[in-house]
Amino acid sequence: MEFGFWSVVPPLLTIVLALLTKNVFISLILGIFVGSMVLANGAVFTGINETFYSFIHTFESNGNTIVLISILLIGALIYLIEKSGGIDGFTEVMLHRRALIRSKRGANIFTWLLGIVIFTSGSLSCMVTGSVARPFNDALKVPHEKSSFLIHTTSTPWCVLLPLSGWLAAMTGYLTSGGVAEDEAISTLIQSIPLNFYCIIAVFGALAVAIFNINIGPMKKAEQRAETTGELDAPGHGSALAADSGPVSGAKPRALNMLLPMLVLIAGILEVLMVTGNGNPTKGAGMQALLWGCILAVLTICILCVVQKIFTVSEVITEMFRGMGTMLPVAGILLFGFTMGTLVKSLDTGNYLTSLFMGALTPALLPALTFLLCMLLSFATGTSMGTMAIMSVICLPMAINMGIHIPLTAAAIFGGSIFGDHCSPISDTTVMSCATSGCDIIDHVKTQLPYVLISAGAALVLYLVLGFIL
């Protein structure tokens, strides 16, 4: 069934409400309710029933469930590391004893580099980079808005530029589903990477921001606030992890309590990737690896707490669940975001938006219009892979039939799809980067948006020019 304009209303309403009310939770639930009402053709009781059941259906996806569980485990991990003196000990070693990171610039560059090193998954990059880099950033008074910007920009935008993971298979699949021959898909993907202007400008622009401390718009105000008042968040904002901070009484600062669990987290992920990928980590089960890495890391910090007599076995279990509780708001927003994504797919929003933009099309404008439409769709839905899946089967056949440069069109699809994942308030990586950095979601979106729009604007101009040249 075609819903036409009504298919756009739920995601559009969600985003408008999120920006106006600054409450993502309420915005998402209202958007989901409206989407369920549209699917129910306006039947109130059916719509209410479908609203509740839509959350149940979200758990039918193993990937969604694993991400939600991993978020809770990350909350327990960070909380126990902090309570056991791990963060204080790690910060003392890095900032005072060894002075390996001496300034805000050093902390920013370290955050950027760490995000570059973890390239297998956007979600994994957000969680690990944010968890490891936060002690430096907080100690050196880097505002949470800047931290979340660097964490987020080096996640999915970099994964697409270096697709040596599940992204390789997914992106190749999208190309073949759009009509690219199987024996040409890999070479087409490789050719598209240097043409993915949005991701290139975004990632290396973030490096320039880190090195030269480039602050524009709301980010400049955030930096001034942190510099003059020491406040890392706007008054009354910030994540739950910022509350009740500091080690428990009697816990000595120990860098080991930070380093060992994080090492186990990364090693556990790599090991499971190796095992499930038959020796090739790029072909491993990323979600399964993430879950096992989190479980092993939490188990490690629990053992350390008991051995060091910081907590008894009973107490450490209680504290573990208390740490999970700090992530419940984040997990709730993620659950709602996943549910919204499923509704948008059911409403066929992508095909409707495409039909509006592709009516009167000049062939040379196809790459630029494809990029623009992918931007709008991914921002409205908060999903990059969903946008890629929809747009590949629509735009690539058009490019092939019109004789348009295929790698350029593919790059426009991939870059435009990442745009929404990078800046939409309902994107899962937006939520994760804020959760681990301690930043408020709306503050993150507002401060990051000028940088994102500059990257997108420059990319759009390049696609307009190269559409006529290539």
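A residue counts as buried when its relative accessible area is under 20%, and as exposed when that area is over 50%. The exercises below apply to a predicted model.

**Exercise 1.** Determine what kind of aromatic pair tryptophan 112 and phenylalanine 204 form, and which helices the pair ties together.

Solution. The count for the model is 10 aromatic pairs. In the pair of tryptophan 112 and phenylalanine 204, the ring centres are 6.2 Å apart, and the planes make an angle of 55°. Tryptophan 112 belongs to helix H6 (residues 104-117) and phenylalanine 204 to helix H12 (residues 197-212), so the contact joins parts 92 residues apart in sequence. Both residues also belong to one aromatic cluster with Trp158.

**Exercise 2.** Check the span of helix H13 (residues 218-229) and find how its buried residues are arranged.

Solution. With 12 residues at 1.5 Å a residue, H13 should span 16 Å. Its end C-alpha atoms are 16 Å apart, which agrees. The buried residues of H13 are Met219, Ala222, Glu223, Arg225 and Ala226. Seen down the axis, they fall within an arc of 160°, so they line one face of H13. These residues pack against H6, helix H8 (144-153) and helix H23 (441-469). The face turned away from the buried side carries exposed Lys221, Glu227, Thr228 and Thr229.

Definitions and conventions:
Residues are numbered from 1 along each chain as its sequence is written. This is a predicted model: local features need pLDDT of at least 70, side-chain atom pairs count only at pLDDT 80 or more; totals for chains, interfaces and linings use all residues. Side-chain values use heavy atoms; hydrogens and water are left out. Rings of Phe, Tyr and Trp (its six-membered ring) pair if their centres lie within 6.5 Å; planes under 30 degrees apart count as stacked, over 60 as edge-to-face and the rest as tilted. Helices (H or I, at least four residues) and strands (E, at least two) are DSSP runs, numbered from the N terminus. The expected span of a helix is 1.5 Å times one less than its number of residues. Buried means under 20% relative accessible area, exposed over 50%, partly exposed in between (1.4 Å probe, protein chains only). The arc is that of the directions from the helix axis to the C-beta atoms. Contact means heavy atoms within 4.5 Å.
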